[in-house]
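Hello,

Here is the structure we spoke about, with my notes below it. Please look through the model before you read them.

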Amino acid sequence: MSHDDVSSAPPVVIDTVAGVRSAVEAWRASGETVALVPTMGSLHDGHLALVDRAAELADHVVVSVFVNPLQFGPSEDFERYPRSLDADRALLAGRGVDAVFAPSADEMYPAGAVATRVTAGEVGRRYEGVTRPGHFDGVLTVVAKLLGIVTPHVVLFGEKDAQQVFLVTRMVRDLDIDTSVEVVDTVRDHDGLALSSRNAYLDERHRHAARAIPAAIEAAQSAADRGIDAALAAAQGALAGHPEIAVDYVAVVDPATFELLPDDHRGPARMLVAARVGDTRLIDTALIPLA
């Protein structure tokens, strides 16, 4: 779909499961394709890259905006997480988005806490799952619900959330969900920091310190021709010396399995970095070619 062919008005908001299902059923009955971009709102250019790709891939685009309580731990920022539906709608104007699905928690979970959940398994308990136990079970459960509600032909995610992308892709395959997963490259700000809704929490001093995270990725890429140990050391070195940064993990994994790689691995690998900058937790990732 070309942006020249779409209205510049903000997309309609649908807040019920029945409402969005009705819209999608009408599109599908006409033989038209549907893309879903799941978000928690507070949209930025990273989300808009997903939306623009969705508009290229499908006749109709649904953007979900739902701050999912299942994926927040008791000490995390669920209440603090930014919510800006009117601003999000304005950003989506003229981008080929047909509807914003913005349900309440009661609409998504009418019985309260759901008894049936999707488990992310062993990989879901590593990396992000260590710091945020149960997080990926919450993510997969809400994504499974969204896929069941919207029944998109394609669903889009950003590369920055690489572990999430791996787990969603595996869930879609393992549960025979009839959709394809499209991954869009990480979008970065002018200083290299990966775009995230949580970047809004950073003050000027912490924003400056946070630049060490993409610098660590770049250092690992530059050292990758000397193997895993050199790549890890380069990344850790770039993060050292910043008292504002508390490193959670730096890891190199197999992109296909998310298992740790043997020291003698050669070929594609994925670098994962997570760190807390002041009170704000940030993640980043990139493929690195181990030679």
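A search of the whole structure gives five aromatic pairs. Rings of Phe, Tyr and Trp (its six-membered ring) pair if their centres lie within 6.5 Å; planes under 30 degrees apart are stacked, over 60 edge-to-face, and the rest tilted. Tyr 127 and Tyr 249 make a tilted pair, with 6.0 Å centre to centre and 55 degrees between the planes. This pair links distant parts of the chain, 122 residues apart: Tyr 127 is in the loop between α4 (105–108) and α5 (128–131), and Tyr 249 is in strand β7 (residues 245–253). Helices (H or I, at least four residues) and strands (E, at least two) are DSSP runs, numbered from the N terminus. Tyr 127 counts as buried at 11% relative accessibility, and Tyr 249 is buried at 13%. Buried means under 20% relative accessible area, exposed over 50%, and partly exposed in between (1.4 Å probe, protein chains only). Ring pairs join Tyr 127, Phe 166, Tyr 249 and Phe 258 into a cluster.

This is a predicted model: local features need pLDDT of at least 70 and side-chain atom pairs pLDDT 80 or more, while totals for chains, interfaces and linings use all residues. Residues are numbered from 1 along each chain as its sequence is written, and side-chain values use heavy atoms, leaving out hydrogens and water.

Strand β7 also belongs to an open, antiparallel sheet of three strands in the order β7-β8-β9. Two strands pair if DSSP finds at least two bridges between them. Because β7 and β9 (280–290) stand at the edges with a single partner strand each, one side of each has no neighbour in the sheet. Eight bridges join β7 to the antiparallel strand β8 (residues 267–277), and Val 253 has Arg 270 in β8 as its bridge partner.

Now the cores. A nonpolar core is a set of buried Ala, Val, Leu, Ile, Met, Phe, Trp, Tyr and Cys residues joined through side-chain atoms within 4.5 Å. The largest has 43 residues, of which Val 62, Phe 101, Met 108, Val 143 and Phe 258 touch the most other members. Elements giving two or more residues to this core include α1 (17–29), α6 (135–150), β7 and β8. The largest share, nine residues, comes from α6. A second, separate core of 28 residues includes Leu 193, Ala 220, Ala 286 and Leu 290.

Regards
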